[in-house]
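Below is a short report on one protein chain.

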Amino acid sequence: MKHILYSVIISIFLTSPFFLSAQKNCKVLVPEIDSIYTGKCKKGLANGKGTAIGIDSYTGKFSKGYPHGRGTYNWANGDAYTGNWKEGKRSGAGKLTLKLQETDSIIDGLWDDDKYMGAKPIPPKVI
């Protein structure tokens with residue numbers, strides 16, 4: 001039993017550097033967050049849940065190297081967006097928090113191709 005346990009521990013120890021080095025080959029295709037990436041990778045690109053840090057930072061879902069799905073992007077100036085992303089652009093429901101002279105200004109609503117489209121529609125009430 002001890003022999004099997006030692007074999008498992010040794011195999012994990014020997015293969016862990018391989019998995020850690022694989023992250024160095026994983027690219028994020030947004031230049032502002034491409035310095036350090038930790039997370040899932042597919043075919044050399046960030047894919048799945050991860051965190052990317054550069055001048056700015058992003059934590060959330062990736063697809064083909066771009067933020068895609070739900071995530072939070074933090075700009076170096078303190079602004080932040082939490083919401084949906086599509087191919088590296090804000091898309092769908094989300095909230096942008098802008099830091100303006102020590103106060104926060106919040107823009108909450110729908111986004112398309114990185115542009116604010118307006119507030120979320122109020123769902124109808126069923127009577």
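R90 counts as buried, at 12% relative accessibility in this predicted model. The cut-off for buried is under 20% relative accessible area. The side chain of R90 meets that of D114 in a salt bridge, 2.9 Å from N to O. R90 lies in strand β6, while D114 sits in the loop between β7 and β8, so the pair ties together parts that are 24 residues apart in sequence. D114 is partly exposed, with a relative accessible area of 32%.

**Salt bridges**

The count of salt bridges comes to three. D113 forms one of them with K89, and the closest N and O atoms are 3.1 Å apart. D113 belongs to the loop between β7 (103-112) and β8 (115-118), and K89 to strand β6, so this pair also links parts 24 residues apart in sequence. D113 is partly exposed at 39% relative accessible area. K89 counts as partly exposed too, at 37%.

D104 and K99 form another salt bridge, with the closest N and O atoms 3.0 Å apart. D104 is partly exposed, with a relative accessible area of 46%. K99 is partly exposed as well, at 43%.

| Salt bridge | N to O distance |
|---|---|
| R90 and D114 | 2.9 Å |
| D113 and K89 | 3.1 Å |
| D104 and K99 | 3.0 Å |

**The disulfide**

A disulfide is a covalent bond between the sulfur atoms of two cysteines. The structure holds one. C26 and C41 form this disulfide, with their sulfur atoms 2.3 Å apart. The torsion about the S-S bond of C26 and C41 is about 115°, so the disulfide is right-handed. C26 lies in the loop between α1 (2-22) and β1 (36-42), and C41 lies in strand β1, so the pair ties together parts that are 15 residues apart in sequence. Are the two cysteines buried or partly exposed? C26 is buried, with a relative accessible area of 7%. C41 is partly exposed, at 33%.

**The fold**

The protein chain has one helix and eight strands. From the N terminus on, its elements run α-β-β-β-β-β-β-β-β. The eight strands form an open sheet in the order β1-β2-β3-β4-β5-β6-β7-β8, and the pairing is antiparallel. β1 and β8 stand at the edges, each with a single partner strand, so one side of each is left without a neighbour in the sheet. The twist averages 20° from one strand to the next.

Several strand pairs can be followed in detail. β2 and β3 pair in the antiparallel sense over six bridges. A hairpin of three residues joins β2 to β3. In this pairing, K49 stands opposite K61 in β3.

β3 also pairs with β4, antiparallel, over six bridges. Here Y58 stands opposite Y73 in β4. The β3 and β4 hairpin has two residues between its strands, and K64 in the turn has a positive phi of about 55°.

Strand β4 (residues 66-74) then pairs with β5, again in the antiparallel sense over six bridges. N74 stands opposite A80 in β5.

**The nonpolar core**

Which residues touch the most other members of the largest nonpolar core? They are V28, I33, Y37, A46, A52, Y58 and F62, out of 15 residues in this core. The elements that give two or more residues to this core are β2 (45-53), β3 (57-63), β5 (80-86) and β6 (89-100).

F62 shows the surroundings of one core member. Residues up to four places away in sequence are not counted here. F62 touches the core residues V28, Y37, A46 and A52.

**Chain totals**

Buried residues make up 24% of the 127 residues in the protein chain. Among contacts in the chain with a separation of 6 or more, residues 24 or more positions apart account for 11%.

Terms used. Residues numbered from 1 in each chain as written. Predicted model: local features only at pLDDT ≥ 70, side-chain atom pairs only at ≥ 80, totals over all residues. Heavy atoms only, no water. Core = buried A, V, L, I, M, F, W, Y, C linked by side-chain atoms within 4.5 Å. Buried < 20%, exposed > 50% of the residue type's maximum accessible area, 1.4 Å probe, protein only. Helix = DSSP H or I, 4+ residues; strand = E, 2+ residues; numbered from the N terminus. Contact = heavy atoms within 4.5 Å. Salt bridge = Lys/Arg side-chain N within 4 Å of Asp/Glu carboxyl O. Disulfide = S-S within 2.5 Å. Pairing = 2+ DSSP bridges. Axes fitted to C-alpha atoms, helices over the stretch in contact; angles between N-to-C directions.
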